[in-house]
Amino acid sequence: MNVLDMISNQQHIYEVLKQNKINDRLSHAYLFYGDEGVGKKEMAYALACLFYCEHEGCLECETCKNILEGQHLNVSYIGVLESKKLISKEQITDLQEEFSKTSLLEGPRIYIVDGIDTASASAQNSLLKFIEEPMNNTPTIGIFIAKDLANVVSTIISRCSLIHFPSIDVKKLSNLLISDGVDALDASLASLITNNVSLAKELLLTKEYQETKELVLNFLEIKNQKQAVLFYVQEVSRLTLENMNLFFKWLIAFYEDIFKIEDKEGLILTALYDKILMYAKTENSELKAQFAFVLNLYSKLNYNVSAKNIFHELISKLF
Ligand SMILES: [Zn+2]
């Protein structure tokens with residue numbers, strides 16, 4: 001595991017965590033999510049360092065090295081079983097049993113569950129008590145890692161600090177497009193759904209892109225139920241499964257940005273900063289509930305449910 005390289009790719013996330021540590025605002029449960037290979041596992045170990053290192057998580061001292069090498073007695077890790085391609089309930093039970101014994105070392109105990117989205121819903125739910133009630137009165141910190149947030153139960157999502165790891169390419173592509181003269185908002189929106197400059201430029205010219213962009217921007221202007229109903233009536237005729245797909249991808253990215261508002265460098269939709277800031281004022285637990293709902297609706301789109309019904313559900317729940 002090349003932690004230093006991976007961390008440097010997501011430096012802004014580490015800086016935010018460090019700042020939280022300095023201000024004594026580290027959470028007792030984290031959920032890191034994002035594509036394969038974006039440094040989630042490495043960041044989990046680096047976060048563990050922040051709890052123990054005497055030099056603000058230098059990643060170089062003996063303590064940090066010990067943690068990064070997986071040798072620290074108070075840092076436990078469970079990952080996806082190769083044979084089953086998932087995290088089993090037994091692994092979770094074993095972890096809890098290990099934590100019920102007194103630790104040989106002082107200080108908080110940290111567990112990393114790498115692949116929480118592969119565990120069954122009942123296995124995930126068996127962790128809930130564990131998150132909330134530390135064993136033996138020892139502070140316990142959970143770090144959960146997922147590729148697909150739609151497979152994490154909402155009860156876990158609502159109890160964790162969410163940290164999204166952007167694919168490094170999204171930021172890169174967006175910057176490339178901007179330096180090519182593309183408007184900042186178009187650049188970020190296109191980067192979320194394509195993976196190269198020429199595809200992105202083609203996309204920007206399509207009617208579907210323009211219409212869905214307008215839909216999202218109008219959606220973000222809604223402030224109350226009355227406006228929401230009006231909006232629905234106006235837009236309903238042009239809702240298709242295709243533009244709903246696009247709409248949800250952007251809406252999800254928008255929520256992800258809300259959760260990392262403190263990390264301005266790491267935002268994807270920087271052109272919508274004022275809107276993100278406005279949404280970020282909503283109470284965090286409410287935002288997480290909304291986000292879990294949005295993810296759930298998005299996963300329904302794949303089952304060929306009517307786009308209109310899904311949109312109606314979205315509007316009625318959020319406003
Ligand atoms: Zn250190």
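# Questions on a predicted model

Colleague: Between which two elements does the loop that holds Lys85 lie?

Modeller: Residues are numbered from 1 along each chain as its sequence is written. The model is predicted, with pLDDT of at least 70 needed for local features and 80 or more for side-chain atom pairs, while totals for chains, interfaces and linings use all residues. Helices (H or I, at least four residues) and strands (E, at least two) are DSSP runs, numbered from the N terminus. In those terms, Lys85 sits in the loop between strand 2 (75-79) and helix 5 (89-100).

Colleague: Is Lys85 buried or exposed?

Modeller: A residue is buried if 20 or more other C-beta atoms, placed from the backbone, lie within 10 Å of its own, exposed if 12 or fewer, and partly exposed in between. Lys85 is not a glycine, yet its phi is positive, at about 60 degrees. Because 9 other C-beta atoms lie within 10 Å, Lys85 is exposed.

Colleague: Is Asp24 buried or exposed?

Modeller: Asp24 belongs to the loop between helix 2 and strand 1 (29-33). Although not a glycine, Asp24 has a positive phi of about 60 degrees. With 6 other C-beta atoms within 10 Å, Asp24 is therefore exposed.

Colleague: How far apart in space are Phe130 and Asp186, C-alpha to C-alpha?

Modeller: Phe130 is part of helix 7 (residues 128-132), and its 18 other C-beta atoms within 10 Å make it partly exposed. Asp186 is one of the buried residues of helix 10. Along the sequence Phe130 and Asp186 are 56 residues apart, and the spatial separation is 43 Å.

Colleague: How many residues of helix 10 are buried?

Modeller: Helix 10 spans residues 184-191 and is mostly covered. The elements covering its buried residues include helix 9 (168-179), helix 11 (197-204), helix 12 (207-221) and helix 14 (241-259). Asp186, Ala187, Ser188, Leu189, Ala190 and Ser191 are the buried residues. Of the 8 residues in helix 10, the number buried is 6.

Colleague: Which residues does Ser191 contact, leaving aside its neighbours within four places in sequence?

Modeller: Ser191 lies in helix 10 and counts as buried because it has 28 C-beta neighbours inside 10 Å. Its C-alpha atom is 8.7 Å from that of Lys172, which is 19 residues away along the chain. Two residues are in contact if their C-beta atoms, placed from the backbone, lie within 7 Å. Apart from those sequence neighbours, Ser191 contacts Val170, Leu173, Ser174, Leu177 and Ala200.

Colleague: At roughly what angle do the axes of helix 9 and helix 10 cross?

Modeller: Axes are lines fitted to C-alpha atoms over the stretch in contact, with angles from 0 to 180 degrees between N-to-C directions. The axes of helix 9 and helix 10 come within 8 Å and cross at roughly 145 degrees.

Colleague: Which residues of helix 10 make the contact with helix 9?

Modeller: Here Ala, Val, Leu, Ile, Met, Phe, Trp, Tyr, Cys and Pro count as nonpolar, Asp, Glu, Lys and Arg as charged, and the others, Gly among them, as polar. The contact between helix 9 and helix 10 has 7 nonpolar, 3 polar and no charged residues. Helix 9 contributes Val170, Leu173, Ser174, Leu177 and Ile178, while helix 10 contributes Ala184, Ala187, Ser188, Ala190 and Ser191.

Colleague: How far apart in space are Ile116 and Ile143, C-alpha to C-alpha?

Modeller: Ile116 is found in the loop between strand 3 (109-114) and helix 6 (121-125), and its 29 C-beta neighbours inside 10 Å explain why it counts as buried. Its contacts beyond four places in sequence include Phe144, Ile145 and Ile156. Phe144, not counting residues up to four places away in sequence, touches Ile116 as well as Tyr30, Leu31, Val113, Ile156 and Cys160. Ile116 and Ile143 are 27 residues apart in sequence, and their separation in space is 9.7 Å.

Colleague: How far apart are the C-alpha centres of domain 1 and domain 2?

Modeller: The domain assignment, automatic or from a database, gives domain 1 (3-164) and domain 2 (206-318). The contact between them takes 11 residues from domain 1 and 14 residues from domain 2. The side of domain 1 that touches domain 2 has 7 nonpolar, 4 polar and no charged residues. The C-alpha centres of domain 1 and domain 2 are separated by 29 Å.
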